Amino acid sequence: MTEFLQHLVNGVSVGTIYALIALGYTMVYGVLKLINFAHGDVYMVGAFSGFYISHALGVEKEPTLAKALAVFVGSMMICGVLVFLMERFAYRPLRHRARLTALITAIGVSLFLEYFMQLSGWFGPASAPFPPGPTPRFFPQPMSFETPDLPLGELSIQKVDVISFLVAVGFMLALQWVVYRTRFGTSMRAVSFDSQVAGLMGINVNRIISGTFIIGGVLAAVAAILVASSRPSINPLMGLMPGIKAFVAAVFGGIGNVPGAMVGGLVLGLAEEYVAGYLLSSYRDGIAFALLIVVLLVKPAGLFGTFRPEKV
Amino acid sequence: MKPLIALRSVAPLLLTGILVALVQGSLPDYWYFVLVVAGINIILAVSLNIVNGFTGQFSIGHAGFMAVGAYTAAKIVMSTRGLVSTGAGEQLVFLGALAAGMVTAAIAGFLVGMPSLRLRGDYLAIVTLGFNEIIRVIIENSEFLGQATGISGLPKLTTLAYVGMAAAITVMVAVRLLQSTHGRALLAIREDEVAAEAMGVDTTGYKVRAFVIAAALAGLAGGLLVFYLQLCTPKSFTFIKSIEVVAMIVLGGLGSVSGAFLTAAVLTILLETLRGFSEYRMVVYSLLLIFFMLGRPAGLFGTREIWDLLPRWRRKAAAGGAP
C-alpha cells in the first residue's frame, strides 16, 4: 500500500510538471495549429536563466525567499521575451504558408537552442559560463528547506515537491481564470475557433497570438524552476524528453483543450510512474510514445477534443 | 522496346559498380571514408524524399528504420559467423543480410505507416519521432541486441562499390517511381489530398506504400553503415540523425531527386572537411533550416530536377513528355 501511495505521490509530482509544459503546447496549437517543437527547449532555457540569475545573486551562499522569488520571476520574464521573439521573427512570417514550413522552422529553432547552449563558453565566470556547454550544471537550491520531509509514516514526501505541486496548481487555476474569465481569454478562444472571423470582429489577432506564446513560455519557465529545485542537474538537452512527453500529454487530453492538457499531464505522469514501478523500469521513456500511438489509433482527437472533419 | 528499358534500368547500376570498383583501390583512406558516408547519406536523403518530398507527408523518424535494417543485418551476419568461410560465401551472406534488413525495415515501415498515415501531417511527424525513440529504448533495453554498447566486431564488408551501387539503385527507384502511375498518385496526394481522394486515388494505400519503400531503403543504408563502421550501436540512429536527413532534403528541395542527391553529397563532404568546427555543425544545420524556411521554403531546387535547369534538355523533355 505504501508503495502504491509513494508511486501516486511521485506520479502526481511529475505529472503536474508535464501538465505545465503541455499547457504551452496546447494553447499555441489552439490559436495557431502549430506544434511548437521548441517549447521543450524554452523549458530548458528557463532552467538556465534561473541558474544564471542564482549565480548573479549569490543564491548558493545564502538562499532567501526574496532571492527565490527573483529567480522565479526573472526566468519567467526571460522565457516570455524568448518566446515573444521566437514567434515574432521565426513563426509570424510563415503564418500563411504551408503548415509543414512552420513545423520545420520550429524544429530548426529547437535544434538551434539545444546546440547553441552546448557550445563551449564565450564569456562569464568558469562556474557559470555562457553558453553553458554540454556538461550538466548544478542548479543551486533557491530556498533552504530546514525542516525534514513531511512525517507521513513510511511515505516520503519531499517538502519541495509539496511546494512545487501547490505552485503548479496555483498557476493552472490562474490560467483557467485567464482563459475563461478575462477579455484576453475570450479573445484567445475566439482566435482559436476561427482566427479570420475573430480578426473581422476587431480582435488584434497578432497581439493575442503573441500573448498566448508568452503565457506558454512563462508556464514552461515555472515548470523548469520547479523541476530544477528538486532535481538540480540541468543540461542543454534536458528539454528534449519532457518536451516530447508534454506534447503527448497535450495530445492525450485533446490538443487545443486547456483542461485536457492538465489531465493529460497527470495521466502520463501516473502511467509512467506505475509502469516503471511495477512492470518495466527501464522502459519509462517508451511509455509516452506507446500511449501516444494508442490514443491516436483509438481516439485521435484526444480525451476532451472534438474531431473536426476536414472541409474543402 | 522492352529490352531497351531493362537495359536503361540496369545500365546505371552496372556503370556505377564498375566505375567505383575501378576507382576505389586508388583512393586515399580519408576520401574513401568521406565517399562512403556521402553515399549512405545520399541513400537516406533520396529515400526520405519519397515520403517527405513526393508524397508531402512529414516523417522525422528515418533513423529508426535504419536501426531496424542495421540490427537485422548485423545479427544475421554475426550468427552465421564461423558457418561460412570468408570470401565469396561471406559476401553472399552479407548481401542476404542486407536484403533481410531491407525486409524487416519495410515491415517496420508498414507497421508504423498503416495506423499513423491516416493522421494529418503534424501528427505523423510526432508518431515517426516516437517510433524512432521507441526503437532506441527497445535496443537499449534488449540484451539480445547488445543494449547501449551495441554489437561490435562486425567484419568490414561494406565497400565503396556496394555503397555506390546501393545509391544508384535508390536514385533509380526514386526516378522511376516518379515517372510511374504510383508516382503520379503520390504527387497528387502531395498537391491536394482531398482532391486526390475525390479522383479515386487510394490515398492511405499509396502513402503506406511510399513509406514502405522509403523504410526499406533506409534499412539498406543502415546495414551498409554498420558494416563499414564495424559497430552497431543505438547512438548511430538517434533523432539527430533523422533530423540531419530531413535538413538535407529540405535544403535540396522537397520533391527533387537530384536536389536531395546533391545536397546530401555536398553537405556531407563539406561537413567532413570542416571537422574542426564540429561543435558548430548542428548550430549551422539549425540556422540553415530556419533561414531556408523563411527565405526559400522550397529549398534550392524546389520540386525541379537539375536537368530541368538546362535549356536543351528542358526542350527535349517538353517535346518528349518526360518530366
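Me: Where is A:Lys33 found in chain A?
Reply: In this predicted model, A:Lys33 is partly exposed, with a relative accessible area of 32%. The residue has a positive phi of about 55° although it is not a glycine. Most residues other than glycine have a negative phi. As for its place, A:Lys33 is found in the loop between helix 1 and helix 2 of chain A.

Me: Are the planes of A:Phe4 and A:Tyr274 stacked or tilted?
Reply: The structure holds 16 aromatic pairs over all chains. In the pair of A:Phe4 and A:Tyr274, the ring centres are 5.2 Å apart and the planes are at 35°. Stacked rings need planes under 30 degrees apart, and edge-to-face rings need over 60. At 35°, therefore, the pair of A:Phe4 and A:Tyr274 is tilted.

Me: What kind of pair do the rings of A:Phe48 and A:Phe51 form?
Reply: A:Phe48 is buried at a relative accessible area of 1%, and A:Phe51 is buried at 2%. Being three residues apart in helix 2 (residues 39-57) of chain A, they are separated by about one helical turn. The ring centres are 6.1 Å apart and the planes are at 80°, so the pair is edge-to-face.

Me: What is the distance from the charged end of B:Arg209 to the centre of the ring of B:Tyr206?
Reply: Chain B has charged ends over rings, including B:Lys156 over the ring of B:Tyr228, 4.6 Å from its centre. The charged end of B:Arg209 sits over the ring of B:Tyr206, and the distance to the ring centre is 4.7 Å.

Me: How is helix 1 of chain A oriented to helix 9 of chain A?
Reply: The axes of helix 1 and helix 9 (residues 240-253) of chain A come within 8 Å and cross at roughly 70°. An angle of 65 to 115 degrees counts as roughly perpendicular. Helix 1 of chain A is therefore, relative to helix 9 of chain A, roughly perpendicular.

Me: How many nonpolar residues are in the contact of helix 1 of chain A with helix 9 of chain A?
Reply: Helix 1 of chain A contributes residues including A:Tyr18, A:Ile21 and A:Tyr25, and helix 9 of chain A contributes residues including A:Pro242, A:Lys245 and A:Phe247. By class, two residues of the contact are polar and one is charged, while the nonpolar residues number ten.

Me: How far apart are the axes of helix 5 of chain A and helix 6 of chain A?
Reply: Helix 5 (residues 159-181) and helix 6 (residues 183-193) of chain A pack at an angle of about 70°. The two helices are therefore roughly perpendicular to each other. Their axes are separated by 5 Å.

Me: Which residues of chain B does A:Leu296 touch?
Reply: A:Leu296 is found in helix 11 (residues 284-298) of chain A. Its relative accessible area is 4%, so A:Leu296 is buried. Not counting residues up to four places away in sequence, A:Leu296 touches A:Val251 and, in chain B, B:Leu119, B:Tyr123 and B:Val127.

Me: Is B:Thr55 buried or exposed?
Reply: The place of B:Thr55 is in the loop between helix 2 (29-54) and helix 3 (62-79) of chain B. Among the residues B:Thr55 touches are B:Leu186, B:Ile189 and B:Lys207. With a relative accessible area of 1%, B:Thr55 is buried.

Notes. Residues numbered from 1 in each chain as written. Chains lettered and ligands numbered in written order. Predicted model: local features only at pLDDT ≥ 70, side-chain atom pairs only at ≥ 80, totals over all residues. Heavy atoms only, no water. Phe/Tyr/Trp six-rings, centres within 6.5 Å; stacked < 30°, edge-to-face > 60°. Helix = DSSP H or I, 4+ residues; strand = E, 2+ residues; numbered from the N terminus. Buried < 20%, exposed > 50% of the residue type's maximum accessible area, 1.4 Å probe, protein only. Lys NZ or Arg CZ within 6 Å of the ring centre and 35° of its normal. Axes fitted to C-alpha atoms, helices over the stretch in contact; angles between N-to-C directions. Parallel < 35°, antiparallel > 145°, perpendicular 65-115°, else oblique. Contact = heavy atoms within 4.5 Å. Nonpolar A, V, L, I, M, F, W, Y, C, P; charged D, E, K, R; others polar.
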